[in-house]
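User: I have a model open and want to learn how to read it. Where do we start?

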Amino acid sequence: MNTESTWRYTFLATLYSLMAIFIIGQLVRIQTNPEQVEHFLGQAKIYEADLRPIQPARGLLYDRWGRLLAGNITVYEVGVELAQVRNPHSIALTLNVVLGLDYAQVLDAASQEVSPEAVYVVLADYVSQEKIELLERYSTELENSTSRKKGEEPPSLQGLIYKPHLQRSYPEKRLASNVLGFVNREGLGYYGVEAKFNELIAGKTMEVWMPRDPNLALELPEIPVGASIILTIDRAIQAEIEAILDAAVEANGADSGTIVVANPQTGEILAMATTPRLDLNEYWQYAEVFKGSTPFNRAISQAYEPGSVYKVLTMAAALDAGAVTPETIFLDVGVIEVGGIYIYNWNSAAWGPQDMQGCLQHSLNVCLAWVATQLGTKNFYDYMRAFGIGRLTGVDLSGEVTGRLKIPGDTDWYEADLGTNSFGQGVAVTPLQMVMAVSAIANEGKLVAPRIVRSFIDKGNQYDTETRIVGMPIKPETARTLSEILARSLEEEASTALVEGYRVAGKTGTAEIPTPYGYSLSATNASFVGWGPMDDPRFLVYIWLEKPTSSPWGSVVAAPVFHDIVERLVVLMDIPPDDVRREILASH
Amino acid sequence: MERVRNLTQAYSQTPWRKQLKLIVLFLLCVVFIALIAGIYLDVTARAATIGREILIMRTEIEALELTNADLTSQLAVLNSATAMRPRALDLGFVPVEKDEIMYVVVLGYVPPQKPDLAPPPAPTRVIAASLPADYKQSLIDWFREQIIPTISDALEVSP
């Protein structure tokens with residue numbers, strides 16, 4: 001090895017050593033300088049992982065047979081990744097045409113310089129799949145287009161990002177809308193089941209630190225979806241009931257209508273229809289549909305004076321307490337004084353001697369007021385409370401109100417209230433409270449809590465709800481006796497509520513409407529409550545038509561609706577006529 | 001003793017043997033380090049590839065879940081009461097009236113029961129948290145785990 005070569009090798013070795021020392025020195029300097037350490041750790045943290053909020057899929061709502069009533073669909077958030085934008089003009093123009101966004105606003109947003117504060121900008125959300133497909137097609141066409149002018153940025157949608165997520169969807173639109181409620185874009189449930197079980201259905205939103213290191217990919221947590229609910233509602237019955245209700249409201253020129261169909265033995269609500277109803281997929285129309293103080297679900301949120309359907313409860317209490325018997329004769333002279341006020345019959349006539357069936361059949365206010373006085377004030381109100389009047393039914397729906405039952409001791413209770421309450425005036429109830437109370441008469445005296453949830457499906461398990469008996473306001477014999485009286489009343493009256501082949505019990509109701517200036521003389525609330533088949537009640541129907549104009553009487557406007565409903569119910573619920581049923585039972 | 005002397009003599013007469021030995025030793029070290037580095041690279045590359053595949057699969061699962069939700073809702077729309085009724089009427093069906101029904105006793109017939117919509121039991125899944133460390137740790141982690149305790153033990157034992 002000559003001297004020149006040695007010198008060169010020495011020089012190169014020194015140079016590389018110095019470089020190595022410099023690099024090592026830099027490494028040491030960076031790693032020992034607290035400021036630098038913090039800076040680089042911060043930098044590393046930014047690229048280490050993404051903090052991603054994960055909203056689990058909202059649980060589904062089904063009808064009692066597993067048919068979907070509320071599901072989820074995919075929609076997209078549209079935004080721009082500023083660093084990748086090549087032609088903001090193309091993006092603004094396309095989004096203006098496809099999504100109807102403001103051209104100038106999009107152009108401004110997409111033209112921003114990338115900065116730590118501006119990396120990604122959201123331009124639109126809840127964009128449908130069809131619109132995204134259209135945007136993707138445009139994007140491909142623009143990328144493939146060859147017509148470019150020199151010096152001009154070629155048209156491109158590069159930088160446009162579509163992020164999919166779920167949105168609530170209601171396949172049946174308006175059907176059972178008053179029961180389901182709706183979910184807004186923030187994922188919050190309003191009204192009905194959606195509000196009542198919002199936390200359960202929505203699941204728990206979690207923010208997940210998602211590492212970019214593929215070696216840590218397995219560490220991601222599993223986020224459970226929200227619980228699903230099977231309702232007691234039968235979609236077919238609900239659809240029929242809504243159609244019948246709409247027809248009845250229109251035919252009778254009523255302001256609104258409400259129908260509840262329940263199984264009196266289990267408390268399951270098979271259908272609950274009210275007017276108006278909202279297309280839940282367009283919930284933002286809420287203010288247009290529910291004008292003023294119109295409640296979302298009248299069946300639970302609007303208390304009203306029910307009128308003569310309430311006489312069923314008064315008579316049940318009196319029979320149960322032994323204050324009267326079915327054979328008790330009351331001499332109706334057309335007027336009775338209770339607590340200083342005079343009570344008259346609906347036609348202001350005197351009906352002469354009447355037994356208890358006659359009192360109910362002819363819906364005599366005077367007789368029922370007398371029955372209440374025979375029962376006594378304390379007994380009367382004790383029974384009414386036992387029937388659940390003036391209390392929440394506890395149904396699994398959001399927005400239930402208690403109604404109002406004034407009782408002795410209240411500052412606004414007067415002795416005269418006993419008389420008026422006996423025939424359903426001066427007392428405010430919701431249709432569902434009436435359903436619950438009257439169910440006790442159809443159900444051998446057992447008061448069953450109404451329920452709208454049949455099962456919960458959570459974490460892979462299905463939990464079924466049970467029938468809840470919450471009281472026994474009257475004895476089974478009383479319930480049977482009163483049911484028989486009411487069935488005979490309809491038959492002897494040849495009521496339009498009767499259904500050939502099926503024995504049913506029921507009672508009409510016509511109530512005057514209280515106003516700030518006393519009771520209205522021109523408008524009424526027409527109601528009907530009925531159940532059947534008599535020997536094995538499978539359905540109880542409550543009808544309320546508000547301010548019908550065709551006729552003020554419940555017997556004229558509400559009773560035929562009951563008939564129409566039962567004609568459909570027996571088909572949809574596979575209930576054979578009484579004689580066929582007896583024949584089948586006898587042969588087995 | 002004679003043998004050692006011969007060996008010393010041989011080395012002193014041919015000094016290049018010493019250099020050769022050093023070079024061979026150095027090359028052996030290089031080959032060993034390269035071997036370890038190669039294994040390490042192979043293992044980490046495979047782990048990274050699998051990790052990336054897992055991330056991609058997770059994205060695919062999310063996409064499939066969205067598609068599934070979409071299809072369920074689309075099916076429900078097609079089967080909805082409002083859609084089915086006109087279709088049935090178009091096909092010539094009419095709502096049955098109660099008087100048109102003939103009830104027949106069918107022995108053994110079971111009426112529709114409460115639907116069971118709970119998902120079937122999921123297969124047993126091994127979640128990441130329960131995986132033994134051996135399946136997750138890198139070669140360096142393994143060395144650290146194996147060597148550091150040994151060194152600390154040795155330090156504790158020696159006075």
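Analyst: With the contacts inside one chain. This is a predicted model. In chain A, take contacts between residues at least 6 apart in sequence: 73% of them join residues at least 24 apart.

User: What share of the residues of chain A count as buried?

Analyst: Of its 588 residues, 45% count as buried. Chain A holds 21 helices and 22 strands. Its radius of gyration is 36 Å, well over the 25 Å that the globule rule gives for 588 residues, so chain A is more spread out than a compact globule.

User: What box do the C-alpha atoms of chain A fill?

Analyst: Roughly 145 × 60 × 50 Å, taken along the principal axes.

User: Now a sheet. How do I read one?

Analyst: Start with the pairing. Strands of a sheet pair through backbone hydrogen bonds, either parallel or antiparallel. Here, chain A has an open sheet of five strands in the order S11-S10-S22-S21-S20, with antiparallel pairing.

User: Which strands stand at the edges?

Analyst: S11 (269–274) and S20 (505–515) of chain A. Each has a single partner strand, so one side of each is left without a neighbour in the sheet. On average, neighbouring strands of this sheet are turned by 10° against each other, direction ignored.

User: How many bridges join S10(A) to S11(A)?

Analyst: Five, and the two strands run antiparallel. S10(A) spans residues 256–262. For one facing pair, look at Val260(A), which stands opposite Met272(A) in S11(A).

User: And a helix?

Analyst: An α-helix has 3.6 residues a turn, so residues three or four places apart point the same way. Then check burial along the helix. Helix H16 of chain A, residues 415–422, is mostly covered, with six of its eight residues buried.

User: Which residues of H16(A) are buried?

Analyst: Asp417(A), Leu418(A), Gly419(A), Thr420(A), Asn421(A) and Ser422(A). They pack against helices H12 (311–321), H14 (365–375) and H15 (377–386) of chain A, and against strands S13 (335–338) and S14 (341–344) of chain A. After H16(A) comes Gly424(A), with a positive phi near 85°.

User: Last, the other chain. How many residues does each chain bring to the contact?

Analyst: Chain B brings 32 residues and chain A brings 38 residues. On the chain B side, helices H2 (16–78) and H3 (81–90) of chain B are the elements that give two or more residues. H2(B) gives the most, with 15 residues.

User: How do the residues on the side of chain B that touches chain A divide?

Analyst: Into 20 nonpolar, five polar and seven charged.

Notes
Residues numbered from 1 in each chain as written. Chains lettered and ligands numbered in written order. Predicted model: local features only at pLDDT ≥ 70, side-chain atom pairs only at ≥ 80, totals over all residues. Contact = placed C-beta atoms within 7 Å. Helix = DSSP H or I, 4+ residues; strand = E, 2+ residues; numbered from the N terminus. Nonpolar A, V, L, I, M, F, W, Y, C, P; charged D, E, K, R; others polar. Rg over C-alpha atoms; globule rule 2.2 N^0.38 Å. Buried ≥ 20, exposed ≤ 12 C-beta atoms within 10 Å, placed from the backbone. Pairing = 2+ DSSP bridges. Axes fitted to C-alpha atoms, helices over the stretch in contact; angles between N-to-C directions.
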